[in-house]
Amino acid sequence: MKPLLEVKELSVDFYKHGNAINVIDKVNLRINSGEIVCMIGESGSGKTITSLSIMRLIDFNSGKITHGDIELSGVSLVTLTKQEISVLRGKKIAMIFQEPMSALDPVFTIGDQIVEVLIRHTNLTKPAAREQAITLLQRVGIPEPEVRMKQYPYELSGGMRQRAMIAIALACEPELLIADEPTTALDVTIQAQILNLLKEIRDEFNMSILFITHDLGIAAEIADRIVVMYAGKVIEQAAVHELFEQPFHPYTSGLLQSVVTMDSDRTEKLFTINGSIPSLSELPTGCRFHPRCAYATDRCRSEEPELVSQSGREAACWNIEKLLHEPQQQVEPKRIIAADRAIAASFEHEQKQRLPLLEVRAIKKYFSIEQGLFKQNKKLIHAVDDVSFQIGKGETFGLVGESGCGKSTLGRVLLQLEQATSGQVLFEGKDVLRAPAGEWKSSRRDIQFVFQDPYGSINPRWKVGDIIGEPLWVHESLKGQAKRQKVVEVMELVGLNPAAYDRLPHEFSGGQRQRISIARAIALKPKFIVADEAVSALDVSVQSQIVNLMQELQGQLDLSYLFIAHGLNIVRHISDRIGVMYLGKLVEIATTDELFAHPAHHYTKALLAAIPLPDPTRRKTFLPLQGEMPSPANPPTGCRFHTRCTAATDLCKKIEPALQRIGPGHLAACHYPA
Amino acid sequence: MFMFVIRRLLVSIMVVLASVTLVFFILNVLPGNPAEMMLGPNATPETLQNLNESLGLNKSLLVQYFDYMRGFLKGDLGESFITKKPVIDQLLAQLPATLSLAGASIAIAVILGMVLGVLSAVYQNKAIDYVVRMISLFSISMPTFWLGILLILIFSVHLQWLPAIGNGSLRQLILPACCLGIASAGSLSRLVRNSVLEVLNEQFVVTLRAKGLPEKLVLCKHVLRNALIPTVTMIGIVAGELLSGAVVTETVFSRQGIGRVVVEAIMQKDIPLVQAAILIAAIFYIIVNLLVDISYTYIDPRIRSKH
Ligand code: SF4
Ligand code: SF4
């Protein structure tokens, strides 16, 4: 069968200040009709460039196709004129993007933006196009489509915006849909809904999908075939089951091993691939992966391997045989050990609880938004509503929940960046929120933070050494040599080269910058660190490096962490106990193994079920959690989850369940805990 | 929306009152007694005394201020020290000339600025871009009076296409309006260029192209409307610059207008006249900025919802 899309030896150069940089090199790709092909790889591997090249959108960014061809149903796209290709865009090939907020024009209504594409590619009149647009919005699961037509992108939630994007893409029933990380910015339950929607659409329209992702779980969940890219090249290509069963390329194998799954052994260090992806201007000779490859030989350093076919799949490596004969690592049996440990841990935990380092008592944080001429209509956002928990010494407490659930606000309250509306935070028995001026500084010193975007939280014009040394200067008035000496010590501790003392943050990669903010956080030897989405923005392999580092430091410095994140796999790996938040409420607390083995609250269950498993043999067959989190400005009565809960009864609608003990170290706020 | 306008009007009134107060005190602490100036060096102390009394200048500053404000609130801006006629009549007579100059030059600035700015953004780092950037740099750095003289030399003296001085006919308006508009067009075109470039880098532009929209539509419908938001702000600021530019331009082209009147009034320390002129300028500025804010809400739905 002739494939729908065939990319043959495609090379693309970008021009910057007159210099050509090769960004993808002889990429081969085939997509059959009705097939979902996932393209995976770390950032900088050329996935997005490849997809933009297929649409010829690189034309607008001084990119140029220097070699090869792209054929869509036998028609070469490379030789088309600008006009000819723009007729195909949106009609035969459509695209959706990662950030549905920035991908929609903010000053036009959703309706206008759908109608526009219909008018462009069909003969529909404007009223007919509007009708059609409403049908489309309905098809992608947007409630009240007539109302949404008149709304602007900022009035919709992230999930709804992505649905609207999909509606735009579907408008002309294209043959190929390119989806560039379409769920990365979304919460896991919404992600599950969108993935489901894409699968339905594929079946309904027999559409092909090129799905770009860095998440192997998603690839396993949705792909028929997988293409792996590294540093501008396709290095492996195989059917999804084959690839997960036996990768042919050492990089793929490394990626698979660095996946943190829900049943990997938590006591072990996370697997990491050494080093990081090379920049396109300084590519290694020979095989581009050789500086990071454990199988590299002399041949790899000098000669570049071609993508060769082998038993119906392709890989570009000189030493496939070697990799194939390596004994496979088995992880399965450790599950039982993990469960045993859970019991022990929970006992141990109850011991620990007698000595809490941090105690949060009935914290509330309400924001008010004002409306009207004299600000008479005060509305309260219940961001954090009556949350209590404790964190023991040396413990890592994970806090999870969807965006908007209040987990970050809670973290900011603990750091005193946000004033609590009511409640207490006891640190070593002292109330830090109402501490006298003198003591205020000492609790600041003992509680430090690491945020998501290291670049946003450090001053870009300061030298790395000064950034790390700032707390030393503020709290201990250290200057000059004394400061330098301490900073160098800390830099070594977090695995930064002390020679980098005088460099600026922009010279570092994302992972390195996160090391800088960790160094800064531990400079004063604090007792407690709030890590808010500290690894969420990093690539999988870098993520593992940072998590390992945080765990090492915990052992060395006797630290306690509050680890706030939405990525449940990582939270599971690092946390001793986990709290689940929903709409400002803490709905469940349990030791990690207990929570994952026996989730009691129905929200926790749905959350865990929504995580894509990196195993194509265990695809989901059930429907994901429906709906979205209601607005915290007027939370539902009774149990706040009742609007989405399948087990909800009248009691749930009326009476709010209290957080109560349902087992050793296990608390849940549900009338009918599972 | 209605509430928004009301609230803005209330604020505007406060601004007017504050600027009147400020101007009153600034003018009065400036050295030089108006009565002395009017009578010349040969005045006897008695005549000076009499004049001071009739002008109310012998009272304390605070009393003078309250007297003035009382008049102001009744709509009486006082009489000119020199001509003894109500200043308001004198200024209103000049208003049409200045307004037509201001209006024409804003129009020139906006049209020229937008066209040049968009051109230079679309042809970024190509020949057109360089030429446009050069022109705008010139127009910004050139003093208004010099540009005026240059225009007169070229178009009136040399080519004899347009009249150099006077007001009344449309032809007489062209040169001064250009003179005043070009400088603002320069700074406007730079801003338009930058904001268009910024919008072109937005993700949604990729979406629009991926939808297959022709580039013309992407630019004229989507990019321009988004780029308009900062541009409109700039128009408000430009209107302020125009007022000061008007003084010079009116002088260079010997036009009548409020600018000229103000210059003369300041020379003669005709305080009521200066004060009223500044009041008119403040009101003009406030109206322009109110219009700017209202037009925001039409361009950007996010701002609309906040009101
Ligand atoms: S070619 Fe060599 S360096 Fe490259 S992946 Fe294979 S073994 Fe590793
Ligand atoms: S209390 Fe009711 S609505 Fe809430 S989670 Fe439990 S069963 Fe569902």
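A nonpolar core is a set of buried Ala, Val, Leu, Ile, Met, Phe, Trp, Tyr and Cys residues joined through side-chain atoms within 4.5 Å; buried means under 20% relative accessible area, exposed over 50%, and partly exposed in between (1.4 Å probe, protein chains only). The model toured here is predicted: local features need pLDDT of at least 70, side-chain atom pairs count only at pLDDT 80 or more, and totals for chains, interfaces and linings use all residues. Residues are numbered from 1 along each chain as its sequence is written, chains are lettered from A and ligands numbered from 1 in the order in which they are written, and side-chain values use heavy atoms, with hydrogens and water left out.

**Domains of chain A**

Colour chain A by its domains, whose bounds come from an automatic or database domain assignment: domain 1 (5-92 + 174-325), domain 2 (110-168) and domain 3 (352-446 + 524-668). Taken over C-alpha atoms, the centres of domain 2 and domain 3 of chain A are 36 Å apart.

**The cores**

Next, select Ile54(A), Ile114(A), Ile166(A), Leu198(A), Phe211(A) and Ile226(A), the residues with the most contacts inside the largest nonpolar core, which has 106 residues. Helix α6 (residues 158-170) of chain A supplies the largest share of this core, 8 residues; helices are DSSP runs (H or I, at least four residues), numbered from the N terminus. Domain 1 and domain 2 of chain A each give this core at least three residues. Apart from it lies another core, of 95 residues, including Ile529(A), Ile589(A), Phe596(A) and Phe641(A).

Centre the view on Ile226(A). Leaving aside neighbours within four places in sequence, its contacts (heavy atoms within 4.5 Å) include Cys38(A), Ile40(A), Glu236(A), Val240(A) and Phe244(A).

**Ligand 1**

Of the 13 residues around ligand 1, Cys287(A), Cys293(A), Cys300(A), Cys317(A) and Asn319(A) come nearest. The shell divides into 10 nonpolar, 3 polar and no charged residues.

**Cysteines**

How many disulfides (pairs of cysteine sulfur atoms within 2.5 Å) are there over all chains? The count is 0. Select Cys179(B), which is in no disulfide; the nearest cysteine sulfur, that of Cys178(B), is 8.6 Å away. Cys179(B) is buried, at a relative accessible area of 1%.

**Gln64(B)**

Finish at Gln64(B), in helix α4 (residues 61-73) of chain B. Gln64(B) counts as buried because its relative accessible area is 13%. Beyond its neighbours within four places in sequence, Gln64(B) is in contact with Phe24(B), Asn28(B), Gly56(B), Leu57(B) and Lys59(B).

Technical notes. A residue is near a molecule or strand if one of its heavy atoms lies within 4 Å of it. Ala, Val, Leu, Ile, Met, Phe, Trp, Tyr, Cys and Pro count as nonpolar, Asp, Glu, Lys and Arg as charged, and the others, Gly among them, as polar. A disulfide is a pair of cysteine sulfur atoms within 2.5 Å. Helices (H or I, at least four residues) and strands (E, at least two) are DSSP runs, numbered from the N terminus.
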